Amino acid sequence: MQHTILIKQGTIHDAVHKAPYVADILVEHGKITKIEPILDGQDAKGAQVLDAAGLQVYPGFVEAHCHLGLDGYAVGFEGADYNEMTDSITPQLSAVDGLNPQDESVRLAMEGGVTCVAAGPGSSNVLGGTFTVYKTVGKRIDDMVIKEKAAMKCAFGENPKLCYKDKAIYSRMTTASCLRVMLERAKEYLAKKEAAGEDILKQPAYDPKLEALVPVIKGELPLKAHAHQANDIYTAIRIAKEFQVGLAIDHCTDGSLIADDLAKEGYPVAVGPTLTHASKFELRNLSFETPGDLAKAGCQVSIITDSPVIPQQYLALCAGLAVKSGMDEFDALQAITLNAAKHIGVESRVGSLEIGKDGDFVLADGNPMVSDTKIKYVLIDGQVTYSA
């Protein structure tokens, strides 16, 4: 296996500096070790050389919210594993146990330049379980994961009401109440565990749901809130503040209406899926202008496909449509690279081309956010995983 690769003289868009530049990039053992105008033969002795002259070099694209690998390519709703419909409160579930990396959709995502995704439970449940972050190449998920538990999924708005209207949830008030009850119970559970110390006889009885929420209460695992409508976004923020827990806001369809407020609050926002029609009332303000409006207000913005709602390989195209609707092009690039990595807590490894980060790249004959651009190479951990 080749352990060293030299990407020669590509035009680099590193997602950190706004202006692109021409340079050489050396990747050793899967990590970027040098980025210099010209590296001589001694610097890259024995390296595989990839001539990138005339090509545009980007970080591998990062998806901050999807269900890739939990949904199956051409298997229908019955084969999907991203919603557990038997219980509205399932924080104990972990996406890693349902992911199928050998599904065709994962390969298509990688060939579209998406090298890292956060995939997890859908939005049927008030608490759905944990998202997992993984690279889009491999046959065994254990070898692909870079963060097994990245966030705890919770959902507001129409979906929990629709899925459980005949069982337990009929209004937004109930959804919020269910979440509060579980967080309060988890606080008490943690307090009892800490008070008991090493005395097993004093420990509370094991509860998998509360155990899964302990990292949320301790501030180690943020809530990942499905929220489209402005009032649902505010409810998510209200509850996060009440319990002093971390929060990321996903979908954020009404974001343009409350952009200034969201910028002041400082929570990261992920916008999408937008390349679809408004299939329910809370999507009535669906617009590609939203990510640009939020970025201009000062928010940390990611753009998401929510695949399979939008096929994962069209992530860059969604960013391009945001640019067409007024978003700054550099902001749009960051929305599918560095900001997305920050949103899911893996920015130390992916999302930009910097020394010490993983060797994940997209090499294209133009801007990948434009539909007629061709991706020529994709690299993950310094290995060429796709070449046109």
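A residue is called buried under 20% relative accessible area, exposed over 50%, and partly exposed in between, using a 1.4 Å probe and protein chains only. The model on display is predicted: local features need pLDDT of at least 70, side-chain atom pairs count only at pLDDT 80 or more, and totals for chains, interfaces and linings use all residues. Residues are numbered from 1 along each chain as its sequence is written, and side-chain values use heavy atoms, with hydrogens and water left out.

**First stop: glutamate 194.** Select glutamate 194, which belongs to helix H4. Helices (H or I, at least four residues) and strands (E, at least two) are DSSP runs, numbered from the N terminus. The relative accessibility of glutamate 194 is 54%, so this residue counts as exposed.

**Second stop: helices H4 and H5.** Select residues 172–196 for H4 and 208–217 for H5; the two helices pack at an angle of about 90 degrees, their axes 8 Å apart. Axes here are lines fitted to C-alpha atoms, for helices over the stretch in contact, and angles run from 0 to 180 degrees between N-to-C directions. H4 and H5 are therefore roughly perpendicular, a label for angles of 65 to 115 degrees; those under 35 count as roughly parallel, those over 145 as roughly antiparallel and the rest as oblique.

To display the contact (heavy atoms within 4.5 Å), show the side chains of Met182, Leu183, Arg185, Ala186, Lys187, Tyr189, Leu190 and Lys193 on H4, and of Lys209, Leu210, Glu211, Leu213, Val214, Val216 and Ile217 on H5.

Move to proline 273, in the loop between strand E12 (269–271) and helix H8 (290–297). The bond that reaches this proline from glycine 272 is cis, with omega near 0 degrees. Next select proline 308, in the loop between strand E13 (301–303) and helix H9 (315–324). Serine 307 and proline 308 are joined by a cis peptide bond with omega of about 20 degrees.

**Last stop: two positive phi values.** Histidine 29 sits in the loop between strands E2 (21–28) and E3 (31–36). Its phi is near 50 degrees, a positive value in a residue other than glycine, and at 60% relative accessibility histidine 29 counts as exposed. Finish at aspartate 381, in the loop between strands E15 (375–380) and E16 (383–387). Aspartate 381, also a residue other than glycine, has a positive phi near 55 degrees and is partly exposed, with a relative accessible area of 31%.
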